[in-house]
Amino acid sequence: MYFVATTAWSSPGAIDQYGCHRDKANVYHCHGDLTQAKRIHTLLGVGLKSTNWFYSDGPANIFIGPSLETELAFDAVAIRTGWTYQPLFFAAKDYSLSGWDMGVKIGKGLSRLGKHGFLEVGYFHNQFKQANGNVNLLNGYQLGAGFIFNKENWSFDGKFLFRDASSLSDYWNNEINIPTKVADYSFSIGAYRRF
């Protein structure tokens, strides 16, 4: 009985769901399947993004289009960047949003297999192209939440972001001289090859 008790207590760290633990030197290592134990991943893929402008005095503008996305994740932290082109939907032609954004995601086990929630904070830089050829720069911070589902070779995600509307508000209130309050939100889904 003494032998069983000392053997059980000799392990310095409990094995987690990935077959990993910290050893006596506090080094994290794994004993199980390497696919399960993978702590770093790179994602390359495509998404469908919707940017939505809501006004206090009228209807919304909705832009929908494809995006190219990449992500590098290490366990609970990921850095993501993407480029998108979104024509104006359900309205006048020849209006579009295009540009890049980037963000930092934080969530338990983001690079591991399975489903994981995350919070994201980042920055966007878009060009708002109008029918008359004018282009306005819109940029600011963005923050929100989402989920990711990692399989061995593929990942899928969805997220909702609140985007800083100060440059958009400045455009409507000062450049176009239409007084209004504006809210800017983004929804997206994506599919990625996972390395």
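**Exercise 1. Find the hairpin of β5 and β6, and say which residue in its turn has a positive phi.**

Step 1. Start with the elements: helices (H or I, at least four residues) and strands (E, at least two) are DSSP runs, numbered from the N terminus. β5 and β6 make a hairpin, and six residues sit between them.

Step 2. Look in the turn: phenylalanine 90 has a positive phi of about 60 degrees.

Step 3. Now check the pairing, where two strands pair if DSSP finds at least two bridges between them. β5 is joined to strand β6 (residues 96-106) by eleven bridges, and the two run antiparallel. Pick out threonine 84, and its bridge partner in β6 is glycine 99.

A word on the model before going on: it is predicted, so local features need pLDDT of at least 70 and side-chain atom pairs count only at pLDDT 80 or more, while totals for chains, interfaces and linings use all residues. Residues are numbered from 1 along each chain as its sequence is written, and side-chain values use heavy atoms, with hydrogens and water left out.

**Exercise 2. Work out how many bridges join β4 to β5, and what sits between the strands.**

Step 1. Strand β4 (residues 58-74) and strand β5 (residues 77-89) run antiparallel, joined by ten bridges. Along the pair, threonine 70 faces threonine 81 in β5.

Step 2. This hairpin has two residues between its strands. Aspartate 75 lies in that loop, and its phi is near 55 degrees, a positive value in a residue other than glycine.

Step 3. For another such case, go to asparagine 26, in the loop between β1 (20-22) and β2 (28-30). Phi of asparagine 26 is near 65 degrees, again positive in a non-glycine residue.

**Exercise 3. Decide whether cysteine 20 and asparagine 26 are buried or exposed.**

Step 1. Set the cut-offs: buried means under 20% relative accessible area, exposed over 50%, partly exposed in between (1.4 Å probe, protein chains only).

Step 2. Cysteine 20 comes out at 1%, so it is buried. Asparagine 26 comes out at 52%, so it is exposed.

Step 3. Zoom out to the chain, where buried residues make up 41% of the 195 residues.

**Exercise 4. List the residues of the largest nonpolar core and find which element supplies the largest share.**

Step 1. A nonpolar core is a set of buried Ala, Val, Leu, Ile, Met, Phe, Trp, Tyr and Cys residues joined through side-chain atoms within 4.5 Å.

Step 2. The largest one has twelve members: Trp53, Tyr55, Phe63, Leu88, Leu97, Phe124, Phe128, Leu138, Leu168, Tyr171, Trp172 and Val182.

Step 3. Sort by element: β3 (40-55), β7 (114-129) and α3 (166-175) each give at least two residues of this core. The largest share, three residues, comes from α3.

Step 4. Zoom in on phenylalanine 63, taking contact as heavy atoms within 4.5 Å. Beyond its neighbours within four places in sequence, its contacts include Trp53, Leu88, Leu97 and Phe128.

**Exercise 5. Follow β10: which side chains are buried, and what does the strand pair with?**

Step 1. In a regular strand the side chains alternate between the two faces of the sheet. In β10, Val182, Asp184, Ser186, Ser188, Gly190, Tyr192 and Arg194 point to one face and are buried.

Step 2. β10 pairs with β3 in the antiparallel sense over 13 bridges, with tryptophan 53 opposite aspartate 184.

Step 3. β10 also runs antiparallel to β9, and ten bridges join them. Here aspartate 157 stands opposite glycine 190.

**Exercise 6. Name the residues that line the largest cavity.**

Step 1. On a 1 Å grid over the protein atoms alone, a cavity is a set of points where a 1.4 Å probe fits but cannot get out; lining residues have an atom within 4 Å of a point.

Step 2. Read off the lining: Gly47, Ser67, Glu69, Asp157, Lys159, Ser188, Ile189, Gly190 and Tyr192.

Step 3. Trace these to elements: β4, β9 (154-163) and β10 (182-194) each give two or more, and β10 has the largest share, with four residues.

Definitions and conventions:
1 Å grid on protein atoms, 1.4 Å probe; cavity = no way out; pocket = protein on both sides within 12 Å on 5 of 7 lines; lining within 4 Å.
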